[in-house]
Amino acid sequence: MAVEPLIIEMSRPGRRGVRIPAPDVPETALPADMQRSDLHWPEVAEIDVIRHFTRISQKNHSIDTGFYPLGSCTMKYNSKINEAVARYTGFAGIHPLQPVEQVQGALELMYELQAMLAEISGFHAVTLQPAAGAHGELTGVLAMRAFHLENGDTARTKILVPDSAHGTNPATAAMAGFDVVTIKSDARGNIDIDALRAAVGPDTAGLMITNPNTLGLWDENILSAIEAVHEAGGLVYNDGANFNAILGMVRPGDLGVDIMHFNLHKTFSTPHGGGGPGSGPVGVRAGLEKYLPGRLVVREADGSYNWETAEATIGELHGFHGNFGMHVRAYTYIRMHGGEGLRQVSADAVLSANYLMAELRNDFDLFIDRSCMHEFVFSGNRQKKNGVKTLDMAKRMLDFGVHPPTTYFPLVVPEAMMIEPTETESKETLDYFIGVMRQIAQEARDTPEVVTGAPHTTEYKRFDEAGANRALNLRWKPAEAEAIAAD
Ligand SMILES: Cc1ncc(COP(=O)(O)O)c(C=O)c1O
């Protein structure tokens with residue numbers, strides 16, 4: 001079988017893709033112990049490299065190539081102005097070990113980003129150091145722990161988590177050494193307030209709650225839940241993954257939340273996943289800032305910028321200031337929108353989700369019949385009775401150039417499909433998706449084999465997804481390449 005060569009297999013002695021500029025410092029030899037001859041650097045021409053990587057990029061789905069309604073992930077379009085600003089030499093060419101006098105602009109940007117995030121969310125202080133939402137959760141929960149330990153409250157060993165929560169919430173609590181207590185949801189998809197009240201007590205360290213929650217619903221019990229936890233002496237952590245639904249409308253800090261993370265790679269349009277790295281700043285109410293990690297950027301009395309470490313810091317969670325390039329992108333996004341623009345972002349995100357839900361609710365089962373925030377969850381139960389699982393429908397969507405929604409999450413919804421269109425999609429794109437979903441619903445009724453056999457048009461079909469995760473092998477080895485070529 002003909003196999004596309006790996007870049008290393010295209011290598012031919014003497015081929016060149018780059019011209020190294022003449023050095024502007026005196027040349028010195030690398031110390032012998034830093035020289036290696038076993039690295040197999042490929043020697044390839046620019047055209048081959050460009051074709052290789054462009055071809056690979058076309059095999060994947062991306063927000064730049066198609067609709068991506070991946071619930072809870074907020075796959076909004078990442079405007080190119082973010083990239084243009086992040087590439088300014090003054091941002092891209094600096095080093096974290098440079099003296100602060102040389103990087104005043106970068107520090108000012110981080111200072112302002114800290115302040116803007118604090119203002120948008122109603123918190124007192126923000127650290128930019130964590131590198132993802134889950135990393136922000138760990139930061140917040142470690143701060144929670146530090147707070148209780150400082151108060152001598154060593155009996156607070158439990159963190160309460162609703163059953164609709166993202167897996168990172170209980171995982172984080174467990175990783176920070178707490179016992180996790182699951183609180184069920186009520187019939188309207190809120191945290192069950194009676195179950196919460198029964199669970200809180202002197203052993204409660206805190207509650208981790210997502211609001212709007214992962215069912216795409218505003219938690220109608222949020223104020224009572226915060227009150228119950230505070231009365232018991234615990235702290236409230238808001239998972240801010242769904243912040244895109246409430247920008248400029250509600251500030252979690254004003255509700256009484258103590259700690260929250262922001263996913264810059266969701267709400268503030270910095271790239272996700274392979275396009276990352278991510279960024280998960282954390283905001284805290286007054287009194288908790290002394291536990292924050294990393295370098296908090298401050299403005300001195302003379303107007304210059306510096307950084308300092310918080311008084312009772314939980315320590316470093318990342319090198320230096322975190323992923324600075326992402327701070328530049330999020331800063332650009334916020335400045336481009338302004339306060340009113342951000343409010344409009346959320347209004348449009350919520351409108352788009354409700355439009356899709358209303359148009360498709362006759363074709364799929366709506367798990368909880370309430371108007372939604374920026375996303376909603378269908379159940380594929382009806383289709384499953386005809387032998388078509390949600391996974392099959394997700395694969396079928398690929399044939400139409402649509403990335404599937406989040407599936408099988410939240411766990412409380414059988415055959416879940418969690419759809420989040422985001423505010424950046426046009427009505428034409430939303431209508432195209434409605435057409436695709438209606439066609440798939442009809443196929444699931446009339447020609448189920450079309451759906452169960454999908455995808456039909458993609459280069460690769462179905463993968464062993466668990467195997468790919470558990471035994472991921474990305475390292476090229478000469479023997480493997482020879483075996484593939486001989487196949
Ligand atoms: C509700 C919720 N919480 C937490 C996370 C974790 O965020 P991250 O992927 O940035 O670590 C996610 C990610 O999708 C999420 O949807």
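This report describes a predicted protein model, from its overall build to a few details of its backbone.

## Basis of the model

Residues are numbered from 1 along each chain, in the order in which its sequence is written. Because the model is predicted, local features need pLDDT of at least 70 and side-chain atom pairs count only at pLDDT 80 or more, while totals for chains, interfaces and linings use all residues.

## Overall build

The protein holds 16 helices and 13 strands, where helices (H or I, at least four residues) and strands (E, at least two) are DSSP runs numbered from the N terminus. Along the principal axes, the C-alpha trace spans about 70 × 70 × 40 Å. A compact globule of 487 residues would have a radius of gyration near 23 Å, and the 25 Å of the protein agrees with this; the radius is taken over C-alpha atoms, and the globule rule is 2.2 Å times the number of residues to the power 0.38.

Among contacts with a separation of 6 or more, 73% are between residues 24 or more positions apart, a contact being a pair of residues whose C-beta atoms, placed from the backbone, lie within 7 Å.

## Two domains

The domain assignment gives domain 1 (84–336) and domain 2 (340–456), with bounds that come from an automatic or database domain assignment. The centres of the two domains, taken over C-alpha atoms, are separated by 30 Å, and 20 residues of domain 1 are in contact with 17 residues of domain 2. On the side of domain 1 that touches domain 2, the residues divide into 10 nonpolar, eight polar and two charged (Ala, Val, Leu, Ile, Met, Phe, Trp, Tyr, Cys and Pro count as nonpolar, Asp, Glu, Lys and Arg as charged, and the others, Gly among them, as polar).

## A four-stranded sheet

Four strands form an open antiparallel sheet in the order E10-E11-E13-E12, two strands being paired if DSSP finds at least two bridges between them. Strand E10 (365–366) and strand E12 (406–407) stand at the edges with a single partner strand each, so one side of each has no neighbour in the sheet.

Strand E13 (residues 416–419) is joined to strand E11 (residues 376–379) by four bridges; Phe376 has Ile419 as its bridge partner, and Ser379 stands opposite Ala416. With E12, strand E13 pairs over two bridges, and here Met417 stands opposite Thr407. In a regular strand the side chains alternate between the two faces of the sheet. In E13, Ala416 and Met418 point one way and Met417 and Ile419 the other, and all are buried.

## Details in the loops

The peptide bond from Asn211 to Pro212 is cis, with omega near -5 degrees, and Pro212 lies in the loop between strand E4 (204–210) and helix H8 (222–231). Another cis peptide bond joins Ala454 and Pro455, with omega about 5 degrees.

Ser269, in the loop between strand E6 (259–261) and strand E7 (282–284), has a positive phi near 60 degrees although it is not glycine; Ser269 is buried, with 27 other C-beta atoms within 10 Å.

Terms used: Two residues are in contact if their C-beta atoms, placed from the backbone, lie within 7 Å. A residue is buried if 20 or more other C-beta atoms lie within 10 Å of its own, exposed if 12 or fewer, and partly exposed in between; C-beta atoms are placed from the backbone.
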